[in-house]
Amino acid sequence: MKSAIIIDESLPIGLLANTAACIATGLFRDQPQAYGSEIHGADHMFIPITKIPILILKKGTRDFHEILRRIHGTDLHPMIFTKEGQSTADYNEYIKRTEGKSLSALHIIGIGIIGEDTQVTKVAGDIPLLR
């Protein structure tokens, strides 16, 4: 299993981090097998994290819709995050801003994918790491 998050690298650093965090929470929602177990320290417990790497990639000159076309026909299900979601702290407002709208009417700022290694590589293998 492999995962990748492709982000609009022109976002300010705080919004980049927020985008990656929001996508990761949605991306791993239905993937309990991706999590490790609790780790008990001498005086604390570490909450489980994913056992698989999360590649953080920059979209560069690619269009997010091009990336979605690459995903089409695979078993990958994209976790799409938009500016409409990032610009509110109220989930009900996020619903109002996105429900019933086509992707072309929204401003995509990041896409996450998770699945079989070869499929993730097929979609994102030529997209550079965000450094």
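The backbone nitrogen of Leu76 is 3.0 Å from a polar side-chain atom of Thr74. The exercises below use this predicted model.

**Exercise 1.** State where Thr74 is placed, and decide whether Thr74 is buried or exposed.

Solution. 
- Thr74 sits in the loop between helix H2 (64-71) and strand S5 (79-82).
- The relative accessibility of Thr74 is 15%.
- Buried means under 20%, so Thr74 counts as buried.

**Exercise 2.** Find what the side chain of Thr74 reaches in the backbone, and which residues Thr74 touches beyond four places in sequence.

Solution. 
- The Thr74 side chain reaches the backbone oxygen of Ile71 at 2.6 Å.
- A polar atom of that side chain also lies 3.0 Å from the backbone nitrogen of Leu76.
- With residues up to four places away in sequence left out, Thr74 touches Gln119 and Val123.

**Exercise 3.** Describe the largest nonpolar core: which members touch the most others, and which elements supply it?

Solution. 
- This core has 15 residues; Ile6, Ile67, Ile71, Ile111, Ile113 and Ala124 touch the most other members.
- At least two residues each come from strand S1 (2-7), H2, strand S6 (108-115) and helix H5 (117-124).
- H2 gives the largest share, four residues.

**Exercise 4.** List the contacts of Ala124, leaving out neighbours within four places in sequence.

Solution. 
- Ala124 is in contact with Ala4, Ile6, Leu57 and Ile113.
- Of these, Ile6 and Ile113 are, like Ala124, among the core members that touch the most others.

Technical notes:
Residues are numbered from 1 along each chain as its sequence is written. This is a predicted model: local features need pLDDT of at least 70, side-chain atom pairs count only at pLDDT 80 or more; totals for chains, interfaces and linings use all residues. Side-chain values use heavy atoms; hydrogens and water are left out. Buried means under 20% relative accessible area, exposed over 50%, partly exposed in between (1.4 Å probe, protein chains only). A polar contact is a pair of N or O atoms within 3.5 Å; within protein, one must be able to donate a hydrogen and the other to accept it, and residues adjacent in sequence count only if both atoms are side-chain atoms. Contact means heavy atoms within 4.5 Å. A nonpolar core is a set of buried Ala, Val, Leu, Ile, Met, Phe, Trp, Tyr and Cys residues joined through side-chain atoms within 4.5 Å.
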